[in-house]
Amino acid sequence: MKFRPVSVLLSLLFALFLLPQSASALLPTSSTQYLDNGVQRITYRIGPLTVTPGQNRIAFKPITGEEKPAEDGWLIRLKPDMVEEDGSIPLSSKVMFHHGVWLNFSRRDATSGGQERFYATGEEKTITQFPDGYGYEYKASDTWILNHMIHNLTPEPMTLYAQYTVDFIPADSPAAEGIKPVTPIWMDVANGGLYPVFDVWRDSGGKDGKFAFPDDAKNPYPNGVKKNEWTVDRDGVLVATAGHVHTGGLYTDLYLKRPGAKYAGPKCVKPAPITVRGLKGLGPKAKQRVRKSNRKKIRAYSAKMKKYRACADRMPRVENGKVHLFRSHAKYFNKNQPISWDMAMYGTRDDWMVEVKKGDVLSTSATYETKIASWPESMGIMVAYMAEGEKGNDPYRKRVDYKGIVNHGHYEENNDHGGGLPLVGRDATKLPDGATAGSNPFVISDYIYNGADFRLPGSLGNPPVVKKGQSMRFEMSEQDLEDEVWHSLTSCKTPCNRSTGISYPIPDGKFQFDSGQLGTLPGPDKAPTVDRTWWETPKSLPKGTYTFFCRIHPLMRGAFRVK
Ligand SMILES: [Cu+2]
């Protein structure tokens with residue numbers, strides 16, 4: 001989309017009234033660019049969001065007055081960001097936008113029945129854009145709430161803003177004429193929960209080294225409800241989709257099932273093979289003569305084969321009424337290693353446009369790599385957008401699952417990969433024995449695994465020792481529990497002492513263990529914590545020195561020894 005930044009209109013009035021005298025660096029809540037096709041490109045910031053040291057909590061923030069459009073209209077593109085007070089984007093090695101889900105409390109969600117989840121982002125910061133002529137209908141009277149999880153990887157407090165840039169067409173603008181509304185169809189392998197996650201363990205993926213949820217999971221849906229499916233509730237056309245995975249994720253898939261449906265396109269006729277007199281044993285001249293005399297025949301055959309291949313390529317593969325609609329690949333900028341947030345998802349092309357019928361079943365799955373590491377608390381989401389009663393591509397006649405378009409390039413905030421120098425501590429495998437594990441637990445406080453943290457100097461950093469077949473216990477401090485600072489003990493490959501970044505350390509220990517996020521919360525849904533304040537090392541570990549880190553605060557490193 002081309003645009004001409006004619007002018008930048010700051011919301012001066014609001015800004016002047018709201019600007020605290022001490023905070024002259026504060027940017028206004030919104031700013032507008034007028035694009036030349038009747039579209040306003042408006043950047044809103046939601047906040048300030050106070051981010052406590054080390055936090056990793058799910059919170060809700062009403063999106064009020066000047067944090068969203070003032071008049072009715074259409075949202076045709078949304079681009080997310082997370083910014084500091086001066087508008088700069090923090091390094092994702094320091095703070096991570098785990099997720100932001102924009103909820104519209106004035107509408108019902110198509111797939112969950114709760115409040116409508118109409119837009120979402122994770123740290124990969126996917127831009128949502130609808131094909132020309134489609135938009136998300138906006139009413140100024142709608143109640144919006146941001147469900148956000150901002151993960152502070154450091155002990156420093158922060159003040160941040162969730163920022164989003166919308167391409168907006170006011171309802172009374174001539175450009176709004178004929179825009180068709182889209183409904184968000186939230187597809188999720190664990191749809192419905194506040195924290196829809198699953199664990200991926202290294203080597204669980206079988207021969208191909210890939211683990212797909214739910215297909216490869218044992219008993220993925222214990223109560224029998226297939227959370228990754230949705231029955232289409234009206235005839236319509238899917239206009240766009242893109243996936244969401246976490247680090248280690250390779251792709252998400254979207255399928256459609258129509259009971260009894262079969263391939264309905266033209267038959268692709270494979271040409272009968274032709275025979276040419278054998279060339280074996282002939283001299284070069286004779287060979288040329290034979291080829292020449294058969295040239296017409298060969299050409300005709302090649303042309304038919306070409307036609308056949310093109311036809312076959314356009315043919316969808318239908319199995320038991322099920323057809324593949326799209327695979328949203330994750331493109332990693334990290335030398336193609338799927339080990340960090342330095343990535344972007346593939347989204348559909350504007351000509352994707354898939355016809356669906358009432359009663360069809362949409363389903364999704366998410367695939368992760370399992371050769372490099374384990375990936376606890378992973379997600380698999382595909383938000384699709386659907387327009388009603390439109391004409392599109394019949395997925396049973398014509399293949400629609402082409403590769404799509406990568407959503408964006410590498411982002412600067414993802415430059416800090418870590419895994420280098422300086423080392424954060426000594427090599428624990430070479431340190432002498434520390435204390436012997438007794439009845440007192442090791443207490444985690446001030447971002448230190450006290451008694452087991454190899455970053456500490458001298459004998460303080462020596463790995464504590466436990467007898468084979470026994471376990472040692474780690475406990476959260478009262479203070480961390482009170483401050484809601486969750487920690488994990490997650491195995492990483494020894495010596496696990498390189499610099500911290502978005503791709504180091506990772507859960508790649510030779511023997512895998514993960515405590516989950518230690519902590520407890522009030523209420524029925526304790527996510528993201530495991531609702532436990534302690535963890536014990538597995539009794540099954542063979543002799544050796546084990547290193548671990550905190551997935552929430554990867555600067556934290558520890559070790560223990562089994563003897
Ligand atoms: Cu921690």
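Predicted model: local features only at pLDDT ≥ 70, side-chain atom pairs only at ≥ 80, totals over all residues.
Colleague: Hi! How many residues does helix H3 have, and how far does it reach from its first C-alpha to its last?
Modeller: Helix H3 covers residues 295-313, which makes 19 residues, and its end-to-end C-alpha reach is 27 Å. That is close to the 27 Å expected at 1.5 Å a residue, where the expected span is 1.5 Å times one less than the number of residues. Helices here are DSSP runs of H or I with at least four residues, strands are E runs of at least two, and both are numbered from the N terminus.

Colleague: Which domains is the protein divided into?
Modeller: There is domain 1 (1-178), domain 2 (184-265 + 315-414) and domain 3 (418-563). Those bounds come from an automatic or database domain assignment. The C-alpha centres of domain 1 and domain 2 are 25 Å apart. Their contact takes 23 residues from domain 1 and 27 residues from domain 2, where two residues are in contact if their C-beta atoms, placed from the backbone, lie within 7 Å.

Colleague: Which strand gives the largest share of the side of domain 1 that touches domain 2?
Modeller: That is strand S7 (residues 115-121), with 4 residues.

Colleague: I'm curious about serine 112. Where is it found?
Modeller: Serine 112 sits in the loop between strand S6 (95-108) and S7. It counts as partly exposed because it has 16 C-beta neighbours inside 10 Å.

Colleague: What does serine 112 touch, leaving out residues up to four places away in sequence?
Modeller: Serine 112 touches Trp186, Asn191 and Gly192. The C-alpha atoms of serine 112 and asparagine 191 are separated by 7.3 Å, although the two are 79 residues apart along the chain.

Colleague: Switching to the core: which residues have the most contacts inside the largest one?
Modeller: Met187, Val239, Ala384 and Met386, in a nonpolar core of 116 residues. Such a core is a set of buried Ala, Val, Leu, Ile, Met, Phe, Trp, Tyr and Cys residues joined through C-beta atoms within 7 Å. Beyond four places in sequence, methionine 386 touches residues including Ile185, Gly236 and Val239.

Colleague: Now strands. How many bridges does S3 form with S11?
Modeller: Strand S3 (residues 40-51) pairs with strand S11 (residues 158-170) over 10 bridges, in the antiparallel sense. Strands count as paired if DSSP finds at least two bridges between them. S11 also pairs antiparallel with strand S5 (residues 73-84), over 11 bridges. Phenylalanine 168 in S11 stands opposite glutamine 40 and also opposite leucine 75.

Colleague: What about the sheet with S28: in which order do its strands come?
Modeller: That open sheet of 4 strands runs S28-S33-S32-S30, with mixed pairing. Strand S28 (465-466) and strand S30 (490-492) are the edges, each pairing on one side only. S28 runs parallel to strand S33 (residues 557-562), joined by 2 bridges.

Colleague: Last topic, the backbone. Which bond is cis, with omega near 10°?
Modeller: The peptide bond from phenylalanine 213 to proline 214. The bond from alanine 527 to proline 528 is cis too, with omega near 5°. Most residues other than glycine have a negative phi, and most peptide bonds are trans.

Colleague: And what is phi for cysteine 496?
Modeller: Phi of cysteine 496 is near 55°, a positive value in a residue other than glycine. Cysteine 496 lies in the loop between S30 and S31, and it is buried because 26 other C-beta atoms are within 10 Å. Aspartate 446 has a positive phi of about 50°, but counts as partly exposed, with 13 C-beta neighbours inside 10 Å.

Technical notes
Residues numbered from 1 in each chain as written. Buried ≥ 20, exposed ≤ 12 C-beta atoms within 10 Å, placed from the backbone.
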